[in-house]
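Subject: Structure handover

Hello,

Here is the structure for you to look over. My notes follow below.

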Amino acid sequence: MGNNLYLVGVGGQGVVRLGQIIAAYAIEDGQKVRLFKKVGMAQRGGPTLCEIRIGEVSGSRIPPLSADLVVAMELAESVKALEYVKPGGNVILNKSRVYPIHIMTHPEKYPGEEVIEDLFQKTGAKPIWIDAKKIASEISLPIAENIVMLGAITLLSSFDKELMIEVLKKNVPRQIEKNISAFLAGYEIAEGTQI
Amino acid sequence: MIKLLTGNEAVALGAIEAGVDVVAGYPGTPSTEVMLNLMAKRKELGIHMEWSVNEKVAFEIAAGAAWVGKRALVTMKMSGLNVAADSISAIAYSGCTGGLVIFVADDPGTSAGMVEQDSRYYAKSMIIPMLDLASQQECLDYMKIAFDISEAIKGPVMLRSTTDISHVASLVDINGQTGRENKKREAHFERNIPKYTKAASAWCMAQHQDALNRLTYALDTIESKNYNKKYRINEIHFEPDSKYGVIYGGAVQGNLLEVLNRYNIKVNTLKIGMVHPLPENLIKEFLENKNIEKILVLEELDPIIESEIYRIAFLLNKKVEIIGKLNNALHYTGSYSFALVKEALEVLLDSDFNNQDKDLEELMPILEEAQDLIVARPTSFCSGCPHRGTYYALNTAIKNLKYKKDDIIVHGDIGCTILGMNKPFESCWTEVAMGASIGMAQGFKWGGIEKPVIAAIGDSTFFHAGIPPLINAVHQNAHVCIIILDNWWTAMTGFEENPGTVHLKETDTKRVDLVNICKGCGVEKIDVIDPYEPQKAIKVLEEAIKHPGVSVVVSRQECALQAQRRKVSLPKYRVDIEKCTGCQICLNQLACPEMVFHPKTEDHKAYMEISVDCFGCGLCQYTCPFGAIEVIEDGK
Ligand SMILES: Cc1ncc(C[n+]2csc(CCOP(=O)(O)OP(=O)(O)O)c2C)c(N)n1
Ligand code: SF4
Ligand code: SF4
């Protein structure tokens, strides 16, 4: 039934880029892959979605309860992925928040981390939390937030770490050393949660 | 060679492999990327490609090239087919000598707004063979087949895609070659009045009959070239022990195969890849299978295949239960998800496939709870978007003229310009179809709306379909104010070039100034404003709205995203925190995504901040009553 990855976030966070790198990895690994992406209109800050299906699948979209891994790049967007988590599937949540204007003036209307954690717990999932923005900033490459997530995804999806680094080198033209540091940082955090 | 390609990328490559000589199109979701991909190879291929002014002209360019013997492709979204329809039906009668393929993409589920129009009707009403795409591989293969059929039958062929095919990527086997290399076609046109004009009824009826005959040749061609076997265009699969059948066509194939695999279901299937003309013999063979008692017809949008199944079953006197839209089992709207296809098969087989539904049921209350937590992210203009300045100025002008916002009807039009209907502007009231704002505004006037009526339209939309209604307004002396939001590009669909695009180095196109067009149409009151200078713009708009007759205001400034891409750099702005009172007036009037509001905390008062990504349009400085927003001087 393949390996299904469901990625959500908002425009500008590199969700689609992340999906493309994972798809490139799957091809490099000699597997079949399908990629669906949904980006809103040109503007930044709109919801984005990327679905990657690796292996023998024929539909273009991941059915409910069928994602082996759910990744949310933005905290509140994660609730949109709830329906897709496969029983026993993994969930990685980034702590980053992107506020639309009405939330800026009323931040209390934005769901907190505990609420989200609670919600996923109720479905039986145990989310892994990452503060990808903080990590990426520490490496002084704040835009590598998605690459930090890629590190965690690689571990949780049991992708080959070295091969993923090779793919990363091919797909990320600039600042590759820093990107690899971001990737390894994400990988290690995910490792830490597996003990 | 295997590559990960979206359907639209594969369509483009298919055209290259087919050796296309001329390509024309007009952008529109979900079809746009076919041209974008071809355009990227324009130099390398050395053939003529163009974003035409609208779909009708694009089609005529392609048809003209096909009349002189070349392989030509035209691309558009389903709405564009309505625009091009008049010319398409005439060419379908005459036929052509070169290969002519019309690529059209439908949008079930309306990923991009607009109507859920089913283009397959056009194939029927215009007597044109149509191939319907069911996978990304077919996008490549069927494009080549479409050209082969078109050349064989000497008439146009339509290739139809849908969003789930065009915008999804999967692995496609390509040969990577340019089909033109070994086939140089000479341009030649033979004078043949009865074929190429419509000047006598006898000729027209003969052409009509020719068109009908071409449909039969099209089916013969795929048979004789063995395309059915090689490419599974129309394919029957019989399952000896099953009394159930599924007849399907288009994008639904993916989810159907997945449901069949996942639940290990074996049923008889008939795949239909040529929707017009339908493979009548195959359908008969399928229906005549004695085992089959119950059939599910799966096709997105309208029951086009389904109604034909009823007809053929009636002719065969076959007793069969048909599940689909005509018995209200399936709906006409939206794209067909995995869950929907699964449900349909459960109805067909009269069984419950699994326990997964139970999991989903358990999840329902949690999903409902989650629903309340979803943070709305309304679409608004990009940072620095010139349209923001135009609507800000328009709203202010309306206020200065002592009208309330609810007094003045503004007809919006297609494109980024329609975002003026959203908060905080809420200027636009309507959106119909390309160019319709100008015609609708006149109808409102003649219908009796006494207060000023305004039309707001983008540059590409104006070129596409706004000129005839403008001429009409001048001719009838309608009292309407038309604002053309000229951002130089066809922005919303992905920044395509249009006739007003400032001369580009990469292309040898020539710029057409829409101000001259308006003058030429006889508009006497015409002004150009800069949306980044709202104070002047407001004055001009006030005058234009008051003008008794047709007035045109061209609000001109490049699309900010495109300007950024072209490395246009403007001075940035910042908020002087001392002066800022945290009143949020700037935010409430402009809603620029670069404005970050910090509510009051124990440590600091409420204040506004401008992010480092500020484009520098300067608009916000005009909104602040306290003069807190200031330009960052160079180097500071
Ligand atoms: C007949 C038809 N063709 C194409 C489209 C697709 N379409 C939607 S928005 C748009 C672009 C409009 O560009 P413009 O008027 O310049 O406004 P902008 O987005 O640049 O502000 C197009 C072509 C459509 N809706 N209808
Ligand atoms: S893409 Fe261009 S025209 Fe459209 S909202 Fe953004 S800046 Fe404005
Ligand atoms: S100048 Fe003001 S309105 Fe313009 S982009 Fe910058 S913050 Fe936004």
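Chain B splits into four stretches by domain assignment: domain 1 (2–227), domain 2 (233–358), domain 3 (386–565) and domain 4 (572–633). Between domain 2 and domain 3 of chain B, the C-alpha centres are 48 Å apart. Please keep in mind that this is a predicted model.

Second largest pocket

The volume of the second largest pocket is about 900 Å³. Its lining counts 40 residues, and those closest to the centre are A:Arg34, A:Ser58, B:Ser135, B:Gln253 and B:Leu257. Both domain 1 (2–227) and domain 2 (233–358) of chain B contribute, with at least three residues from each.

Which elements supply at least two residues of this lining? From chain A, there is strand 2 (33–39). From chain B, there are helix 7 (136–153), helix 8 (163–166), strand 8 (168–173), helix 11 (227–231) and helix 12 (252–262). Helix 12 of chain B gives the most, with seven residues. By class, the pocket lining holds 14 nonpolar, 15 polar and 11 charged residues.

Nine of its 11 residues are buried, so to speak of it as mostly covered is a matter of definition: buried means under 20% relative accessible area. The buried residues of helix 12 are B:Val252, B:Gln253, B:Gly254, B:Asn255, B:Leu256, B:Glu258, B:Val259, B:Leu260 and B:Arg262. Just after helix 12, B:Asn264 has a positive phi of about 50°.

Helix 1 (residues 7–17) of chain B is largely enclosed by the rest of the structure, because 10 of its 11 residues are buried. They are B:Gly7, B:Asn8, B:Ala10, B:Val11, B:Ala12, B:Leu13, B:Gly14, B:Ala15, B:Ile16 and B:Glu17. B:Gly19 follows helix 1, and its phi is positive, near 75°.

Cavities

How many cavities of 30 Å³ or more turn up in the whole structure? The search finds five. The second largest cavity holds about 120 Å³ of space. It is lined by 16 residues, and B:Cys592, B:Met595, B:Cys614, B:Cys617 and B:Cys620 are the closest to its centre. Its lining has 10 nonpolar, four polar and two charged residues.

Aromatic contacts

Over all chains, the search finds 14 aromatic pairs. One of interest is B:Phe381 with B:Phe425. Why does this pair count as tilted? The ring centres are 5.7 Å apart and the planes meet at 55°; the tilted class runs between the 30 degrees limit for stacked and the 60 degrees limit for edge-to-face.

B:Phe381 sits in the loop between helix 16 (356–371) and helix 17 (386–400) of chain B. B:Phe425 sits in the loop between strand 15 (409–411) and strand 16 (428–430) of chain B. The pair therefore ties together parts that are 44 residues apart in sequence. B:Phe381 is buried, at a relative accessible area of 3%. B:Phe425 is buried too, with a relative accessible area of 3%.

Elsewhere in chain B, ring pairs join B:Trp67, B:Phe189 and B:Tyr196 into a cluster. In chain A, A:Arg61 lies over the face of A:Phe36, 3.8 Å from the ring centre.

Best wishes

Key: Residues numbered from 1 in each chain as written. Chains lettered and ligands numbered in written order. Predicted model: local features only at pLDDT ≥ 70, side-chain atom pairs only at ≥ 80, totals over all residues. Heavy atoms only, no water. 1 Å grid on protein atoms, 1.4 Å probe; cavity = no way out; pocket = protein on both sides within 12 Å on 5 of 7 lines; lining within 4 Å. Points joined across faces, edges and corners; volume = space filled by probe spheres on them. Helix = DSSP H or I, 4+ residues; strand = E, 2+ residues; numbered from the N terminus. Nonpolar A, V, L, I, M, F, W, Y, C, P; charged D, E, K, R; others polar. Domains from an automatic or database assignment. Phe/Tyr/Trp six-rings, centres within 6.5 Å; stacked < 30°, edge-to-face > 60°. Buried < 20%, exposed > 50% of the residue type's maximum accessible area, 1.4 Å probe, protein only. Lys NZ or Arg CZ within 6 Å of the ring centre and 35° of its normal.
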